[in-house]
Amino acid sequence: LDANIQLYPNPVADRLQVDMSNVDGTKSLTLIDMLGRVVYKIENASIESIDMSDLSKGMYIVHIKSDFGTYNKTVIKQ
């Protein structure tokens with residue numbers, strides 16, 4: 001699953017681009033801050049980017065679920 005998901009740029013200032021075009025099945029994406037709070041969540045939708053401009057600087061975990069597994073990636077908001 002890792003090879004089929006691209007998140008860029010990292011670090012990100014405003015919009016995090018999400019490329020999951022090679023991932024089949026139902027997908028959900030959750031953005032979690034370092035305190036474990038969910039700051040963004042979308043389910044069953046085509047996700048192309050996440051607006052992170054209003055979020056505080058720091059590290060976030062992007063958690064993606066599909067029918068074929070889960071994917072976690074740390075991104076840095078600058």
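Asp 33 is found in strand β3; strands are DSSP runs of E with at least two residues, numbered from the N terminus. The model is predicted: local features need pLDDT of at least 70, side-chain atom pairs count only at pLDDT 80 or more, and totals for chains, interfaces and linings use all residues. Residues are numbered from 1 along each chain as its sequence is written, and side-chain values use heavy atoms, with hydrogens and water left out.

Asp 33 is buried, at a relative accessible area of 9%. Buried means under 20% relative accessible area, with a 1.4 Å probe and protein chains only. The side chain of Asp 33 reaches the backbone nitrogen of Leu 35 at 3.0 Å. Leaving aside neighbours within four places in sequence, Asp 33 is in contact with Val 39, Met 59 and Tyr 60. Contact means heavy atoms within 4.5 Å.

Now the sheet. Four strands form an open, antiparallel sheet in the order β4-β3-β6-β7. Two strands pair if DSSP finds at least two bridges between them. The edge strands are β4 (38–43) and β7 (69–77), each pairing on one side only. Nine bridges join β6 (residues 58–66) to β7. In β7, Lys 73 is the bridge partner of Val 62.

The largest nonpolar core has 17 residues, and Leu 7, Leu 16, Met 52 and Val 62 have the most contacts inside it. Such a core is a set of buried Ala, Val, Leu, Ile, Met, Phe, Trp, Tyr and Cys residues joined through side-chain atoms within 4.5 Å. Strand β6 gives the most to this core, with three residues.

Definitions and conventions
Buried < 20%, exposed > 50% of the residue type's maximum accessible area, 1.4 Å probe, protein only. Polar contact = N/O pair within 3.5 Å; in protein donor to acceptor, adjacent residues only side chain to side chain.
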